[in-house]
Amino acid sequence: MPFTPAIQDQLLAMMVCAGIAELSAHERFSAAEPDLIEAIAGGIGEFAAGEWAPLNKVGDVEGAKLADGEVSLPEGFREAYAAYVEQGWNAISGPPDHGGQGLPFTLACNVMENLGSANLSLSLLPMLTVAAIEALEKYGTEEQRKAWLGKLVSGEWAGTMNLTEPQAGSDVGALRTVATPIADGPHAGKYRIAGQKIYITWGEHDLVENIVHLVLARLPGAPAGSRGISLFLVPKFQLDANGKPGERNDLRCVSLEHKLGIHASPTCVMSFGDEGKCIGELIGRENEGLRAMFTMMNQARINVGSQGVQIAERATQLAAAYAKERIQSPRASADDHTPVPIVEHPDVRRMLLRMRALTEGTRALLYYTAGQVDRGSLGDEGAQARADLLVPLLKAWGTDAGVEVANLGIQVHGGMGFIEETGAAQYLRDARIAPIYEGTNGIQAADFVTRKLDMDDGGVLAALMREIEQDTAEEAPALAELADECAAVGAWMFEEASLDDRLAGSVSFCEMCAVAVAGWQLLRQARAVKEGEAPALADIKPVTAQFFLSHIVTEAAGLKDSVRAGAGLLYALDAEQLPG
């Protein structure tokens with residue numbers, strides 16, 4: 001079925017949750033006036049639906065292909081990406097000094113949401129490029145920014161992130177890729193890179209003129225572990241004297257992974273320096289590569305959290321359309337025994353409304369997070385701390401919700417959902433990677449209950465939950481109670497719980513807090529609609545918000561005992577006893 005972008009709900013989320021009108025009052029974002037915001041949301045929605053969405057199915061069926069070291073995509077992908085670049089979508093929030101429009105990150109999130117709903121595989125290409133832009137802008141030298149940022153900002157060149165190695169997995173400190181300084185010759189001052197990286201998204205392809213790999217590697221004699229990791233820019237083609245792609249660098253894609261989903265996103269095994277001629281240049285300081293890489297990863301984690309929204313939106317639309325068309329059985333409470341569309345049956349209604357409430361809840365959390373990121377970029381330290389707190393919530397709960405919605409979409413289809421031709425299965429297959437990459441959701445939860453909970457001695461989380469409780473006590477007492485419980489658990493974890501006990505309850509606590517924030521933002525949306533905003537949603541938003549408060553919030557509140565249960569039971573069996 002055709003993809004219809006959720007423009008009205010996106011505009012409402014940007015206005016209420018991101019507070020984009022307030023952002024546009026700042027000189028830096030003054031161009032983000034209401035007419036422009038609507039034009040961007042409508043324009044990218046139309047582009048995504050018309051140019052990228054039609055390629056989603058063929059991308060899934062045909063996928064990326066590797067031959068003689070070159071990766072190619074199905075017919076139409078090159079033209080669709082070229083149109084994206086030509087229309088300037090990649091430059092929405094890019095630095096103006098390098099050809100970007102300098103608009104709020106919130107609007108860049110809107111672009112990415114619509115692209116991902118239309119074609120998740122293809123959207124991964126610009127997602128990593130904009131993350132590379134941020135890392136280079138913050139840590140690159142002036143010479144590096146001048147050489148590389150212009151084409152990255154336009155999207156004519158693409159960026160990648162190279163962390164994982166076969167023996168290291170999520171333990172980045174165990175990587176073995178080596179960067180050896182070059183003392184003389186034409187590349188003096190640069191480094192010879194040697195090693196292999198796995199799971200490199202869009203590591204090789206034919207959609208752009210050059211690919212800029214940001215690679216973590218270890219210098220000779222560097223400290224062990226993560227303290228000895230540096231970041232290097234390693235291009236597919238070295239630049240000539242005119243700043244254009246010239247000599248091919250000594251790097252190659254040796255294989256493509258055969259994956260459950262996102263088939264049109266080439267996931268590469270990359271080999272650097274097979275002939276000892278792979279040249280890279282240092283980004284930032286020696287042995288401080290993780291700091292620079294985490295700048296890139298933080299943005300990527302927000303956009304991966306957005307993928308939960310993206311898949312959820314598309315799966316919900318497909319399931320709702322099927323439910324309105326599929327005729328089966330009379331409604332149980334009806335006197336008339338004529339079969340009706342399955343959308344009339346209570347359990348199907350329950351699933352569809354849950355799908356919509358989760359989709360809108362994750363979207364609300366996405367744009368609230370984006371708004372805090374924008375305020376942080378303007379120098380608001382409190383907003384930056386809150387954004388840092390929200391990122392693991394969005395990435396973990398947002399992607400888990402996306403998987404749940406895609407799974408429910410199959411259930412709505414019944415047996416036909418298990419048949420590939422309906423398209424419902426693709427959304428679940430595509431969604432399943434999101435809780436894994438850019439740091440598994442277990443890692444996000446661990447980060448939340450350690451580094452993020454510890455900010456300001458627990459004060460950042462406490463302040464957020466206090467604000468939610470005070471704002472919702474009268475209208476939504478169950479939500480206020482959830483926020484109060486989140487604050488209490490946070491205090492217990494910070495003051496009393498052992499590290500093992502924190503980690504044992506981390507995933508459930510992450511969900512509790514995410515649901516509290518999302519429910520709060522949905523309630524704020526419902527208030528705005530009641531006051532006349534987004535009249536197209538006047539009948540819909542109060543219902544989806546209330547469903548979220550009545551069902552999703554109460555379920556999250558029930559996790560509190562699990563969160564406090566501790567790690568003791570997890571270790572009651574030894575490793576040999578666990579398999580049974």
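Me: On a 1 Å grid over the protein atoms alone, a pocket is an open set of points where a 1.4 Å probe fits, with protein on both sides within 12 Å along at least five of seven lines. How much space lies in the second largest pocket?

Reply: Rolling a probe the size of a water molecule over the atoms shows where empty space is left. Grid points are joined across faces, edges and corners, and a volume is the space filled by probe spheres set on the points. Here the second largest pocket holds about 670 Å³ of space. Before we go on, please note that this is a predicted model, where local features need pLDDT of at least 70 and side-chain atom pairs count only at pLDDT 80 or more, while totals for chains, interfaces and linings use all residues. Residues are numbered from 1 along each chain as its sequence is written, and side-chain values use heavy atoms, with hydrogens and water left out.

Me: Which residues of the lining lie nearest the centre of the second largest pocket?

Reply: A lining residue has an atom within 4 Å of a point. There are 26 of them here, and T316, A320, L352, R356 and I540 lie nearest the centre. By type, eleven are nonpolar, six polar and nine charged.

Me: Let me look along α9. Is E313 buried or exposed?

Reply: The cut-offs use relative accessible area: buried is under 20%, exposed is over 50%, and partly exposed is in between (1.4 Å probe, protein chains only). E313 sits in α9 and has a value of 12%, so it is buried. Contact means heavy atoms within 4.5 Å. Leaving aside neighbours within four places in sequence, E313 is in contact with F3, T4, A6, S117, T359 and R363. Helix α9 also holds I311, which is buried at 4%. The C-alpha atoms of I311 and T359 are 8.8 Å apart, although 48 residues separate them along the chain. With neighbours up to four places away again set aside, the contacts of I311 are L120, G402, A406, Y427, D430 and A431.

Me: Three of those names take me to another helix. Which residues of α12 are buried?

Reply: They are A424, A425, Q426, Y427, R429, D430 and A431. That makes seven of the eight residues of α12 (residues 424-431), which is mostly covered. The cover includes α4 (56-62), α7 (120-139), α9 and α11.

Me: How many residues of α6 are buried?

Reply: In α6, 14 of the 14 residues are buried, so this helix is largely enclosed by the rest of the structure. The expected span of a helix is 1.5 Å times one less than its number of residues. From first C-alpha to last, α6 reaches 20 Å, close to the 20 Å expected. Take V111 in α6 (residues 105-118), buried at 3% relative accessibility. Not counting residues up to four places away in sequence, V111 touches I40, I44, W89 and I92.

Me: And α14? Which of its residues are buried?

Reply: In α14, the buried residues are V460, L461, L464, M465, I468 and T472. They cover an arc of only 125 degrees around the axis, which puts them on the same side of α14; the arc is that of the directions from the helix axis to the C-beta atoms. These residues pack against α10, α11 (381-413), α13 (441-452), α15 (477-495) and α17 (506-530).

Conventions:
Ala, Val, Leu, Ile, Met, Phe, Trp, Tyr, Cys and Pro count as nonpolar, Asp, Glu, Lys and Arg as charged, and the others, Gly among them, as polar. Helices (H or I, at least four residues) and strands (E, at least two) are DSSP runs, numbered from the N terminus.
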